[in-house]
Amino acid sequence: MVTTSIIMEEKEINSSDHKNAENSLSEPNSPTLETVSGFSTCSSPVPPEPFEPLYSVKFSGSVEKDGDVVKYAITSKKNSDDTSYSVQRQYEDFEWLEHCLLTANPLPGLIVPPLPPKPAITSEMAEAKSKKQLGNQTKTLIGDQFNKDCLQLEQYLRLLLAHRLFGRDEVLEKFLTEKEPPPRAKIKRGIFSRISESLESKKNTHKDCEEFFQRERDWLAKYSVQIKETNEAFCSVVYSQQRLCSVLGHLATALTLNRSSNEELAKIETKLSSLFSEALEDARHGLQVSSYNDENSLGAYLNLYSSYIDSEKEMLLQRTNLLVEYENANKALDKAKPLKKQAAEDAKLAAEKAFEDCSDVARQEIKKFHRQRVSMFQESLENIRFNKMVNFRKF
């Protein structure tokens, strides 16, 4: 459906011949399976053991809406003893969870899973969304898509639970197990974007001191553009299918209402119109199911990583800031007078340690990020193929 370079790159990874896949991705600007495997020459001294999530989580699909407030029912299970918990949370609770996790774990080098955007709850938000997907002239309002919202928020929690640091955080555990929701304080979006804006203004232009990170930066510069363009193209296809479904539905309804007199020819015309209406309705339903499945498989992957890739950018900018601080500390040490030499030496060592610690964390995060990215892409393609086969058998 979408034939951009990002799809072609990922399909190479999905090949059964791993050797060919490694060769096809070995250009300087792309991470290879070797560099993300955890066994490259740039690995941290002691690779961490695989982390198993402490909880599994599932949204029940049961949603309560009261005005502008939507409550999601979440069931979680502690994997060590199968203890189950059921809680209700609203979107503001997820914002507070993200804020708490980032303030409690200000560790440079982390690639933070992105929180999905706020669902279209109000009538104004629904109208804007409908015009975006069905066209500015549409009179049809797209209904609440709580199932899609549940899938996105469920994926967000799973990414947090699978993270070595966030998955052990007490705040996340309480979020999943305690009946009472966390305090719903107003959180300004961007308060936990940390330092990305200040770093963007610095526009660091020099090459990275390590080949591993420089190669990642080069790849990221290309990949971020490709996946965002692919996501936009994919959304355009899905929106076109939704517009076509709307037109088919209106046409089918119009044909159904085409009732005339009791004359013989009029009866035949009415029957043909009815049959044609049924055929259009079947076509609309099949296209709607196909569009829904595509949107919640490959579409969900593209949408997630269009945002996730920005988290990696932010992490690399953090590391660049620490590198700049380290370089400045070295310059200050060179210029320090004898009485201030020791203080300058201490500042230099502290900056060096902060930079090296960030680099160690970042290496492991990048490798995990790529393994997870490839695995999720393969899963989304498999889901599309399975759904296509099921729909083909039905129709």
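Where is V112 found? V112 is in the loop between helix 3 and helix 4, the latter covering residues 123-134. The model is a predicted one. V112 counts as buried, because its relative accessibility is 8% and the cut-off for buried is under 20%. V112 and L160 are 48 residues apart in sequence, yet their C-alpha atoms are 8.4 Å apart in space.

Now the chain as a whole. It has 395 residues, and 43% of them count as buried. Its secondary structure comes to 11 helices and 3 strands. From the N terminus, the order of elements is α-α-β-β-β-α-α-α-α-α-α-α-α-α. The strands come next. Strand 1 spans 55-66, strand 2 spans 69-78 and strand 3 spans 84-90. K65 lies in strand 1. K65 counts as partly exposed, because its relative accessibility is 39%. K65 and Q90 are 25 residues apart along the chain, and 9.9 Å separates their C-alpha atoms. D82 sits in the loop between strand 2 and strand 3. The backbone of D82 deserves a look: phi is positive, about 65°, although D82 is not a glycine.

Helix 6 is the next stop. It covers residues 170-177, and its buried residues are L172, F175, L176 and T177. What covers these buried residues of helix 6? The cover includes strand 1, strand 2 and strand 3. It also includes helix 3 (91-104) and helix 5 (146-161). At the N-terminal end, helix 6 is capped by D169. A side-chain oxygen of D169 lies 2.7 Å from the backbone nitrogen of V171.

Helix 3 passes helix 6 in a right-handed crossing. On the helix 3 side, the contact is made by D93, F94, L97, C100 and L101. On the helix 6 side, V171, L172 and F175 take part. By class, the residues of this contact are 7 nonpolar, no polar and 1 charged.

Helix 8 covers residues 211-256, and helix 10 covers residues 298-335. At what angle do the axes of helix 8 and helix 10 cross? They cross at roughly 150° and come within 9 Å. That makes helix 8 roughly antiparallel to helix 10. Helix 8 passes helix 10 in a left-handed crossing. The residues of their contact divide into 12 nonpolar, 7 polar and 7 charged.

Helix 3 crosses helix 6 with right-handed sense, whereas the crossing of helix 8 with helix 10 is left-handed. The contact of helix 3 with helix 6 has no polar residues, while that of helix 8 with helix 10 has 7.

Definitions and conventions: Residues numbered from 1 in each chain as written. Predicted model: local features only at pLDDT ≥ 70, side-chain atom pairs only at ≥ 80, totals over all residues. Heavy atoms only, no water. Axes fitted to C-alpha atoms, helices over the stretch in contact; angles between N-to-C directions. Helix = DSSP H or I, 4+ residues; strand = E, 2+ residues; numbered from the N terminus. Parallel < 35°, antiparallel > 145°, perpendicular 65-115°, else oblique. Left-handed = near helix turned anticlockwise from the far one by under 90°. Nonpolar A, V, L, I, M, F, W, Y, C, P; charged D, E, K, R; others polar. Buried < 20%, exposed > 50% of the residue type's maximum accessible area, 1.4 Å probe, protein only. Contact = heavy atoms within 4.5 Å. Polar contact = N/O pair within 3.5 Å; in protein donor to acceptor, adjacent residues only side chain to side chain.
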